[in-house]
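I opened the model to look up a few side-chain and strand details. My entries follow in the order I made them.

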Amino acid sequence: SQVSFEEESQNPPAVGHWKPLMPSKGDKEEPEGGCQDAGGADEPQSTEQLNVSRLRSSSVEIREKGSEFLRDELHKAQKELKLKDKECERLSKVREQLEQELEELTASLFEEAHKMVREANTKQAAAEKQLREARGKIDMLQAEVTALKTLVITSTPSSPNRELHPQLQSPSKAGFRKGHGRNKSTSSAMVSAASQSVAPEPVSRECKEVDSILFAEFQAWKESPTLDKSCSFLDRIYREDVGPCLDFTKQELSELVRVAVEQNTLTIEPVASQTVPVGKVAAEECGGPKKCALSGLPRTCKHRIMLGDSGNYYYISPSCRARITAVCNFFTYIRYIQQGLVRQDVEPMYWEVMRLRREMSLAKLGFYPSEM
């Protein structure tokens, strides 16, 4: 409407010339009246021109106001555009930041996933290795259990099986054996009294009577066998037999021997069969072939002991070896009972424990077989 108004203002209406009216008959006689009519015709013409000028001035004013309004609107639109640009710029920065964070998060997630996969593979390899080792140990233990059952069944204290006990052979025969004569405390567990102490009289000639207190303590221990020395059964044996039997002059070494026997990590080797590998540093040897490391007395030492895997060897006399072997035999037998390898009634097991206690008592008093 404004544009149409401007077009109309640019094209003002045509103003025609006023034609004088023909004088009437009555007008001829009055020339002065004609002059008045001519003056009256000029007056409408000036009014029309005045209207046209007013229209032109009003159109100019409207045009100026319109242009001013348009300028204001333009400024507003420019401001809004600037605000929109700033908002777009801010949103683009936010988007870039989010994209960067998303990339970093994705990279960290992939790295963490790869790390977890590597750890899982490492753990799986370690578990498989442990499984293989455990299966190997199980097979070895099953073979040992089978051999021990054979020993328990075919060998008794009164009539040991010498084919299954090479250590019971005479020294002349033992010298022809090949390999390294190394006897762990477990392997010497079922050595009979014939090789460890003075041969006892036959069972038929002995008079035995069960001690009610000792038998009750053994029965209570047999119900739930354990190696904890806090129970009454083992506490008594520690006080009366194990402690005195392993009480040597060298107190510090005696304590180490006791711990090794309890943990089943004591090794006894004949001195004559020892071989030191070439290029290997010789182990620390306490005492010597002519001096006992436990008693400190000059004695002919035919054996030496090693505690665990320390590599330190200690020469021991036959008497000390008999005392240590007697304690090892006792611990090995009660381990067999704990593991369920002894298939006997309670009373025969009790008398076997008493026999092993007697061996410890004899050994701590200085009695030992000549073969040692």
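I started at Lys 208, whose charged end sits over the ring of Trp 351, 4.6 Å from its centre. I count a charge as over a ring if NZ of Lys or CZ of Arg is within 6 Å of the ring centre and within 35 degrees of the ring normal. I found a further case at Arg 304, where the charged end sits over the ring of Tyr 313, 3.5 Å from its centre.

I note that this is a predicted model, so local features need pLDDT of at least 70 and side-chain atom pairs 80 or more, while totals for chains, interfaces and linings use all residues. Residues are numbered from 1 along each chain as its sequence is written, and side-chain values use heavy atoms, without hydrogens and water.

Next I followed Trp 351 into its aromatic cluster, which also holds Phe 215, Phe 218, Trp 221, Phe 233 and Tyr 350. Rings of Phe, Tyr and Trp (its six-membered ring) pair if their centres lie within 6.5 Å; planes under 30 degrees apart are stacked, over 60 edge-to-face, the rest tilted. I counted eight aromatic pairs in the structure. Phe 215 and Tyr 350 are edge-to-face, because their ring centres are 5.2 Å apart and their planes stand at 85 degrees. Phe 215 is in helix α6 (residues 212-223) and Tyr 350 in helix α10 (residues 346-364), 135 residues apart. Helices (H or I, at least four residues) and strands (E, at least two) are DSSP runs, numbered from the N terminus.

I checked burial, taking buried as under 20% relative accessible area, exposed as over 50% and partly exposed as in between (1.4 Å probe, protein chains only). Phe 215 is buried at 17%, and Tyr 350 is buried at 1%. Phe 218 and Phe 233 are also edge-to-face, with 5.5 Å centre to centre and 65 degrees between the planes. This pair ties α6 to helix α7 (residues 232-245), across 15 residues of sequence.

I then returned to Arg 304, which lies in strand β4. Arg 304 and Met 306 point one way from β4, His 303, Ile 305 and Leu 307 the other, and all are buried. β4 is therefore largely enclosed by the rest of the structure.

What does β4 pair with? Strands pair if DSSP finds at least two bridges between them. Five bridges join β4 (residues 303-307) to β2 (residues 266-270), antiparallel. Four bridges join β4 to β5 (residues 313-316), also antiparallel. In the hairpin of β4 and β5, I noted a positive phi near 70 degrees at Gly 308.
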